[in-house]
Amino acid sequence: MIKFFLMVNKQGQTRLSKYYEHVEIHKRTLLETEVIKSCLSRSSDQCSFIEYKDFKLIYRQYAALFIVVGVNDTENEMAIYEFIHNFVEVLNEYFSRVSELDIMFNLDKVHMILDEMVLNGCIVETNRARILTPLLIIDKLSES
Amino acid sequence: MALRMVKGSIDRMFDKNLQDLVRGIRNHKEDEAKYISQCIDEIKQELKQDSIAVKANAVCKLTYLQMLGYDISWAAFNIIEVMSASKFTFKRIGYLAASQCFHEGTDVIMLTTNQIRKDLSSPSQHDTGVALTGLSCFVTPDLARDLANDIMTLMSHTKPYIRKKAVLIMYKVFLKHPESLRPAFPRLKEKLEDPDPGVQSAAVNVICELARRNPKNYLSLAPLFFKLMTSSTNNWVLIKIIKLFGALTPLEPRLGKKLIEPLTNLIHSTSAMSLLYECVNTVIAVLISLSSGMPNHSASIQLCVQKLRILIEDSDQNLKYLGLLAMSKILKTHPKSVQSHKDLILQCLDDKDESIRLRALDLLYGMVSKKSLMEIVKKLMAHVDKAEGTTYRDELLTKIIDICSQSNYQHITNFEWYISILVELTRLEGTRHGHLIAAQMLDVAIRVKAIRKFAVAQMSVLLDSAPLVASSTQRNGICEVLYAAAWICGEFSEHLQEPQRTLEAMLRPKVTTLPGHIQAVYVQNVLKLYASILQQEEQAGQPEAAQQATQLLLERLPQFVQSADLEVQERASCILQLVKHVQKLQAKAVPVAEELSALFAGELNPVAPKAQKKVPVPEGLDLDAWINEPPSDSDSEDERPKAMFHEEEQRHAKPRQAEVDEEELARRREARRQEQASNPFYIKSSPSPHKRYQDAPGVEHIPVVQIDLSVPLKVPGLPLSEQYVKLEEERRHRQKLEKDKRKKRKKEKRGRRRHGSLPTESDEDIAPAQQVDIVTEEMPENALPSDEDDKDPNDPYRALDIDLDKPLADSEKLPVLKHRNAQAPKPPEKEDVPVVEKKSKKPKKKEKTHKERSRKREEGRKKSTQKKKKHKKEKEERGKDKKSKKRRPEREEATEPVQNGAPQEEPLPPMSSYCPLAENAYVKMTYDVQGSLQEDSQVTVSVILENHSRSLLKNMELSVLDSLNTKMARPEGSSVHDGVPVPFQLPPGVSNEAQFVFSVQSIVMAQKLKGTLSFIAKDEDGATQEKLDFKLHFSCSSYLLTTPCCSDAFAKLLESGDLSVSSIKVDGISMSFQNLLARICFHHHFSVVERVDSCASMYSRSIQGHHVCLLVKKGESSVSVDGKCSDATMLGNLLEEVKGTLAQC
């Protein structure tokens, strides 16, 4: 099960956080700091899986942005690793070449995309078209 | 500043939006916190405004701030306001904020129930979607209970998007409200075959998640999933399904055999690494659960190992990591297959990536053998020297110790080597694992008797260099090693070469800088050492040397007496007084050594960690009974000291007699054995009865340490494990040569039958260097079996361990929303009952009747062979019993004024809805008809077949002559005249239940169907074809479904006027009204809407939606029933049936 989904930049600023199990707010900041620290301490020739406390971190770096997913031991690490890329591809398609600013300014949209893809801590949808259709309809609605 | 304030108020119309906030934070890098607190103040102002747009904007900003770590729980109410906005753009913001910050502890969450329900049933699919998504984040048990039915309805929504979301949210609902699982499951199962792939994968997802936690309840779905697995092309869905099969196979080994082939095909064909990895993992899991009798078992394992090797050799670090991870799973069951890849794994130890090195280390643990241990540890030691980070080095250290000590030092052939490894490890700087090394040293020294001499020698060297050890690593754990060293030197002091020197080392002033607990051990062991020095010197006739030692102690002990540590201080002053006394005696030339060493007689044996727990309570001993009269409050303190010294008394009672003659020894030994046998506190010693005396000098019982002479007993200075590796190799070589020689000789004798024995030596051939007697941990005699595998009672998934195949009972239906009308006339008794109670009242009643029915069913099945199933059910039954018992008083309170001391309600007679169907010499049939919840024109007939003959009944088939109105559902492709096979056989005396589905067109009249049960009865004499005719009676009541109805809706229904009326009256009824109602509820599937005194209104609904209302009044000895129903014929028939029931009362 996915425990949390984070997007953090190299400076350690959280750009998106989603927890699938309730975590106290002050513990969240602490956890996020530690998580990004352990990701930053790794070089590119190290694998993308970190054993952290009682769960695993799976991360990928896109420019200055890290996407980190915390999972428990029943999850398939490789699937999550591929999923992160899938997520970024969806963002890329929606924002046409996504940047850190896009994510900051459209936090709600990114959340919607993520909610389409992950629910209850499980990957539920990976089909790009099916993920984006509801969003595009909503965008059209708000335009009109 | 002031200007900005003015500007801010002017700009209120154009409040900062999220973008402005983000930019603002970026522009205030220096005073971010201040800027944000300012923003929060602004947001608070905005939230006070009436405009929902302003509020939504504020909440949107709060969501961003929450992400940055600011608590926004104070705005929970505002969030709910925004959630209830009518405009979707705002609503969305509200739900997003709620899903980010609401949780079970948020108290305002209960205010959202109605809003969410409204959104769920909104005509706009976006409202519904956003509400569903939000729910998945913050659903609480209350919300789950109240909304379960709404969400379940959405599972059949016309829009696939909503169906998908609803299916997914149901998972969360199940978790929070487990009772909803059974009613919702049939629909969920349907969704596995939904035409929309999104919905289908959602259903797969939910069921897989459920099934992984409680696989046994989902075994029946295996064929369906198997079909999905072979047909699906979606890798993500495949991963889920394969994971599920991994959970199912341990319960159903046949499944495993079936799985291997498609899985290996996938392994060969797929290009997706995640899928490959999942397949390999599942194949491993399957093979682990299968018995090893599989023919192509090893082929599959080989395939996995080969694939994993490719992964490990890949340049991609991720694949390498996963390969090693999966390899470690294979290792547990098939170590041989992994061991052949030792080269690769050792290579991974040199990897740049620490995670990979750690995984490789894990693998090494299982790969060592007697032969390879030294080589692997040597390699690891080299890594220890090279390691940069302390974490990795500590990990290495623990791994080395783990590897060596695993399964009782199974792989160690030379303990001198191991001790020297441990000593080498003490030279590590900055390790946190000093205590681990210390524990190993103690363990080895205590359990491997042959090594003590060597260990003591090494430890004394360590003690000698103690200042060095202590000074360089004062702050961290390595000084813990001195704890072990001091204890070993003290306890086994007879092996010391230069005891005086060690004594001197242990009394150095620098020792006082060590941690208190280590000093305490020092002080205690100084005395032991002193005792053995005295003994040696006295025997050697050198009183001067003995006095010198005394003098040394007298000089040095005071420094410990001044210690700040209480333990050290106490022991030191005690010992100091003792030594002073000895000094006096020595002055008078009285030999004291013997008495002094008697203080430390006896040997400490290792005790198994669970030993204490397993000491059986002797017969007749009641641990809870008072031994004396319960004490008054004050004198409890006096007892404590006694208990504390109990142990020591035990030990002192066995003084070490240095020079006793053989006979005396034997006699005492016998006496002690006797004593031990009857002593409950004594934990039985290991098989060798000699070892307790081994330290008594001059006695032949000392086990002869057979150490190979080529190994020097003392290595000057600190030992080097390297040397031992070489020595060990030489030794093994020699051993081999000798063996070969012997073999040759044998072979020659045998006439050289076999040539070319394999040159490699197998593990078993290597004999350990020392005749090592590893003292096993002791366990008490007749130890109790352990009581492990307690499941975690807090596991949220435990509640979902529910039998899904059991037919759905009425009581399990999801609560349907009912309107509560304040004006509705309430019966006076109910006044003080809380409102919530009212809602739950009806289900309670039903639950009770259900209980009755299921109890009856249970009786019918008592003899059933399916013990497992029954067991489960009984458990559930019990749980339900408890529940309804608990609830019953409440109900009575609600329906009747209970008077103190009033006679108890007469108990309900047991009721069964099963009516006799037919009976002959072989079989008895009873049946029950239930309307189907899902289909409006189907009924299920449950037939209990009870074999009361001595034959085995098999090939049972039920054939029924269909009428125009009522038809039996037959398997596809069979004709009207074919029978439906009964899916089981009946051994003698056994009964079982079979279910058949019938479709009905008109339900207003009772129906009768003729049918035949044909079967083969087989006994010793042979088999005969038999048949039994019967008539199935479908009463009108059997088409009714118990449906709760609130008085409000009931009143409206009666007022609507489109119902036809009829009534009956039955005389001569003696049964209580309560029981009467229960009977009607039970046999005719009604529920009580309201009851006032001896008058009650009842409601039920047919499977085709007819409403049936009854008003039951009880007179002196008569009961009148007025009925209203949307169909007159049906009402007439129903009332006739009710009349029949009442006539029996």
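**Calls and cut-offs in a two-chain model**

Me: Why is B:Lys55 called buried?
Reply: Its relative accessible area is 8%. Buried means under 20%, exposed means over 50%, and partly exposed is in between (1.4 Å probe, protein chains only). So 8% puts B:Lys55 in the buried class.

Me: Where do these numbers come from, and how are things labelled?
Reply: This is a predicted model, where local features need pLDDT of at least 70 and side-chain atom pairs count only at pLDDT 80 or more, while totals for chains, interfaces and linings use all residues. Side-chain values use heavy atoms, with hydrogens and water left out, residues are numbered from 1 along each chain as its sequence is written, and chains are lettered from A and ligands numbered from 1 in the order in which they are written.

Me: What makes B:Lys55 and B:Glu81 a salt bridge?
Reply: Their closest N and O atoms are 2.9 Å apart. The rule asks for a side-chain nitrogen of Lys or Arg within 4 Å of a carboxyl oxygen of Asp or Glu, so this pair passes. B:Lys55 lies in helix H4 (residues 52-67) of chain B and B:Glu81 in helix H5 (residues 76-83) of chain B, so the pair ties together parts 26 residues apart in sequence. Helices here are DSSP runs (H or I, at least four residues), as are strands (E, at least two), numbered from the N terminus.

Me: How do you know which class B:Glu81 falls into, buried, exposed or partly exposed?
Reply: B:Glu81 has a relative accessible area of 24%, so it is partly exposed.

Me: What makes A:Glu34 and A:Lys53 count as a salt bridge?
Reply: The N to O distance is 3.9 Å, which still meets the salt-bridge rule, so the pair is in. A:Glu34 sits in helix H1 (residues 25-40) of chain A and A:Lys53 in the loop between strand S3 (49-52) and strand S4 (55-62) of chain A, so parts 19 residues apart in sequence are tied together. A:Glu34 is partly exposed at 32%, and A:Lys53 is exposed at 63%.

Me: How many salt bridges does the rule find over all chains?
Reply: The count comes to 44. Across the interface of chain B and chain A there are 5. One salt bridge joins B:Arg359 and A:Glu51, with the closest N and O atoms 2.2 Å apart. A:Glu51 and B:Arg359 are also linked with B:Asp362, B:Glu395 and B:Lys399 in a network of salt bridges.

Me: How do you know what the interface buries?
Reply: Buried area is the accessible area (1.4 Å probe) that two parts lose on being put together, summed over both. For chain B and chain A it is about 5,000 Å², with 56% given by carbon and sulfur atoms. B:Met67, B:Trp236 and B:Asn318 supply 14% of the area that chain B buries against chain A, more than any other three residues. The contact takes 56 residues from chain B and 52 from chain A, contact meaning heavy atoms within 4.5 Å.

Me: What makes B:Leu596 buried?
Reply: Its relative accessible area is 5%, so it counts as buried. B:Leu596 is in helix H34 (residues 593-598) of chain B. Leaving aside neighbours within four places in sequence, B:Leu596 is in contact with B:Tyr530, B:Ala531, B:Leu534, B:Leu578 and B:Val582. The C-alpha atoms of B:Leu596 and B:Ser532 are separated by 8.6 Å, though these residues are 64 apart along the chain.

Me: What does chain B come to overall?
Reply: Its secondary structure comes to 43 helices and 15 strands. Of its 1145 residues, 50% count as buried. Among contacts in chain B with a separation of 6 or more, 71% come from residues 24 or more positions apart.
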